[in-house]
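Please read them beside the coordinates.

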Amino acid sequence: MLNVSFDTEALRQIIREEVRDAIQERMASNTLPPLLTRKEMMALLQISHSKAAELLARPDFPVFREAGLLIPTDKLFKWIDRNTRWVEDNTKYFHAV
């Protein structure tokens with residue numbers, strides 16, 4: 001039987017660094033505008049109107065309403081990074097027995 005163990009915190013750190021690097025690389029390539037419209041955000045995240053409405057209604061979601069409804073791209077990626085629970089939700093089964 002194969003028994004694999006690893007340091008969960010080290011894995012989390014590696015993932016955080018890779019996500020940060022990917023975000024910085026994406027931002028450096030200047031492929032996205034600094035402010036996204038609702039439609040652009042929906043296309044980027046591949047979400048429906050109802051999911052977009054749910055996100056935009058959250059008090060912690062980054063929205064710039066002074067010029068209409070715009071989402072700061074850099075703040076969106078930081079928000080995603082802070083609110084992604086994939087690692088915590090999906091690595092609990094990998095703990096050493």
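This is a predicted model: local features need pLDDT of at least 70, side-chain atom pairs count only at pLDDT 80 or more; totals for chains, interfaces and linings use all residues.

1. Isoleucine 71 has contacts (heavy atoms within 4.5 Å) with Pro34, Leu35, Leu36, Thr37, Arg38, Met41, Leu56, Phe61, Pro62 and Leu76, once residues up to four places away in sequence are set aside. The residue lies in strand E2, and strands here are DSSP runs of E with at least two residues, helices runs of H or I with at least four, both numbered from the N terminus. Isoleucine 71 is buried, at a relative accessible area of 0%; buried means under 20%, exposed over 50% and partly exposed in between, with a 1.4 Å probe and protein chains only.

2. Residues are numbered from 1 along each chain as its sequence is written, and side-chain values use heavy atoms, with hydrogens and water left out.

3. The protein chain has 5 helices and 2 strands, in the order α-β-α-α-β-α-α from the N terminus. Of its 97 residues, 20% count as buried. Among contacts with a separation of 6 or more, 52% join residues 24 or more positions apart. The chain exposes about 7,300 Å², and carbon and sulfur atoms supply 56% of that area, computed by the Shrake-Rupley method with a 1.4 Å probe, where for residues only the protein chains shown count as cover.

4. Which residues make up the largest nonpolar core? Leu36, Met41, Met42, Ala52, Leu55, Leu56, Phe61, Ile71, Leu76 and Trp79, 10 residues in total. A nonpolar core is a set of buried Ala, Val, Leu, Ile, Met, Phe, Trp, Tyr and Cys residues joined through side-chain atoms within 4.5 Å. At least two residues of this core come from each of helix H2 (38–45), helix H3 (49–57) and helix H4 (73–83). H3 gives the largest share, 3 residues.

5. Leucine 36, a member of that core, is in contact with Met41, Leu44, Leu69, Leu70, Ile71, Thr73 and Leu76, leaving aside neighbours within four places in sequence.

6. In H3 the buried residues are Ala52, Leu55 and Leu56. They line one face of the helix, because seen down the axis of H3 they fall within an arc of 95°, taken over the directions from the helix axis to the C-beta atoms. These buried residues pack against H2, strand E2 (71–72) and H4. Ser50 and Ala57 are exposed, on the face of H3 turned away from its buried side.

7. The count of aromatic pairs is 1. Phenylalanine 61 and tryptophan 79 pair edge-to-face, at 4.8 Å centre to centre and 75° between the planes. The rule takes rings of Phe, Tyr and Trp (its six-membered ring) with centres within 6.5 Å; planes under 30 degrees apart are stacked, over 60 edge-to-face and the rest tilted. The pair links distant parts of the chain, 18 residues apart: phenylalanine 61 is in the loop between H3 and E2, and tryptophan 79 is in helix H4. Both phenylalanine 61 and tryptophan 79 are buried.

8. There are 5 salt bridges in the structure, each a side-chain nitrogen of Lys or Arg within 4 Å of a carboxyl oxygen of Asp or Glu. Glu9, Arg12 and Arg16 are linked in a network. The closest N and O atoms are 3.6 Å apart for glutamate 9 and arginine 12, and 3.4 Å apart for arginine 16 and glutamate 9. Glutamate 9 and arginine 12 are 3 residues apart in helix H1, so about one helical turn separates them. Glutamate 9 is partly exposed at 41% relative accessibility, and arginine 16 is partly exposed at 36%.

9. Another salt bridge joins arginine 58 to aspartate 60, with the closest N and O atoms 2.9 Å apart. Arginine 58 is partly exposed, at 35%, and aspartate 60 is partly exposed, at 37%.

10. Arginine 20 is in helix H1 (residues 8–28) and is partly exposed, with a relative accessible area of 41%. Arginine 20 and lysine 78, 58 residues apart in sequence, are 8.7 Å apart C-alpha to C-alpha.
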